[in-house]
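Biologist: I am new to this structure, and I would like to learn how to read it. Could we go through it together?

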Amino acid sequence: MYRNAFYHPILTHIGGECMTNKKWALLAAVTVAGFFSGFLNGLLGTGGGIAIVLFLLHMTKNSPDPGRTSKKVFATANTIVLIVSLCSLILYVCFGKFTVMTVQNGYPYFLMAIPGGLLGAVWLEKCKPMLIRKLFGTLLLIAGIRLLF
């Protein structure tokens, strides 16, 4: 049996008598990964999606359809980042960190993020999975080098 968060029946049997040690271990791993993703996003404003992508790619590495699974990983990470980002936004508003000035400085970015996100989603369907992984790896390398130097 392969480790795969997308094909594993854990989501349909949580708390039922079908919970085996492997399923509990998977549930624990998913819980820790989710917490770590949220923590990174809240602390740094970024990084949660990267952590989720790396975790899901590891969990699905023995998938019977790696191309389709890689695309699901990136789509799932986007969904998780949206939810975590909304939670962070609510806290920023509560702590008074989100102001009119924040919106004024950020609107050119998030205004163009909408068509950019749409275009990226379309390209995700058209690109080969290995190209997507190479682009993601290149982005991580560039970001890491820029942060270190």
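This is a predicted model: local features need pLDDT of at least 70, side-chain atom pairs count only at pLDDT 80 or more; totals for chains, interfaces and linings use all residues.

Biologist: What share of the 149 residues is buried?

Modeller: A residue counts as buried when its relative accessible area is under 20%. In this chain, buried residues make up 24% of the 149.

Biologist: Which residues of the largest nonpolar core touch the most other members?

Modeller: The general idea first: in soluble globular proteins, nonpolar side chains tend to be buried together. In this model, the largest nonpolar core has 15 residues, and those touching the most other members are Val53, Phe55, Leu56, Val73, Phe74 and Ile132. Two or more core residues come from each of helix H2 (21–44), helix H3 (48–59), helix H4 (66–94) and helix H6 (129–148). H3 gives the most, with six residues.

Biologist: Let me pick one of them. What does Phe74 touch, leaving out residues up to four places away in sequence?

Modeller: Phe74 touches Val53, Leu124, Ile132 and Phe136. Phe74 is buried, as its relative accessible area is 11%.

Biologist: Now the aromatic rings. How many aromatic pairs are there?

Modeller: To read a ring pair, look at the distance between the centres and the angle between the planes. The count here comes to two aromatic pairs. In one of them, the rings of Phe35 and Phe39 have centres 6.4 Å apart and planes at 15 degrees, so this pair is stacked. Phe35 and Phe39 both belong to helix H2, four residues apart, or about one turn of the helix. With a relative accessible area of 61%, Phe35 is exposed, while Phe39 counts as partly exposed at 45%.

Biologist: And how are the rings of Phe74 and Phe136 arranged?

Modeller: Phe74 and Phe136 form an edge-to-face pair, with 5.5 Å from centre to centre and 75 degrees between the planes. Phe74 lies in helix H4 and Phe136 in helix H6, so their pairing ties together parts that are 62 residues apart in sequence. Phe136 is buried too, at a relative accessible area of 15%.

Biologist: Let us turn to pockets. Which residues lie nearest the centre of the largest pocket?

Modeller: For a pocket, ask about its volume and then about its lining. The largest pocket holds about 1,500 Å³ of space. Its lining has 37 residues, and Thr46, Gly49, Asn78, Val81 and Leu139 lie nearest its centre. H2, H3, H4, helix H5 (100–126) and H6 each supply at least two residues of this lining, with the largest share, twelve residues, coming from H4.

Biologist: Could we look at some single residues too? Is Asn41 buried or exposed?

Modeller: Asn41 is found in helix H2, and a relative accessible area of 7% makes Asn41 buried. Beyond residues up to four places away in sequence, Asn41 touches Thr46, Gly48, Val84, Ser85, Ser88 and Tyr92.

Biologist: Where does Thr60 lie?

Modeller: Thr60 is in the loop between H3 and H4, and counts as buried at 6% relative accessibility. A polar atom of the Thr60 side chain lies 2.8 Å from the backbone oxygen of Leu56.

Key. Residues are numbered from 1 along each chain as its sequence is written. Side-chain values use heavy atoms; hydrogens and water are left out. A nonpolar core is a set of buried Ala, Val, Leu, Ile, Met, Phe, Trp, Tyr and Cys residues joined through side-chain atoms within 4.5 Å. Buried means under 20% relative accessible area, exposed over 50%, partly exposed in between (1.4 Å probe, protein chains only). Contact means heavy atoms within 4.5 Å. A polar contact is a pair of N or O atoms within 3.5 Å; within protein, one must be able to donate a hydrogen and the other to accept it, and residues adjacent in sequence count only if both atoms are side-chain atoms. Rings of Phe, Tyr and Trp (its six-membered ring) pair if their centres lie within 6.5 Å; planes under 30 degrees apart count as stacked, over 60 as edge-to-face and the rest as tilted. On a 1 Å grid over the protein atoms alone, a cavity is a set of points where a 1.4 Å probe fits but cannot get out, and a pocket is an open set with protein on both sides within 12 Å along at least five of seven lines; lining residues have an atom within 4 Å of a point. Grid points are joined across faces, edges and corners, and a volume is the space filled by probe spheres set on the points.
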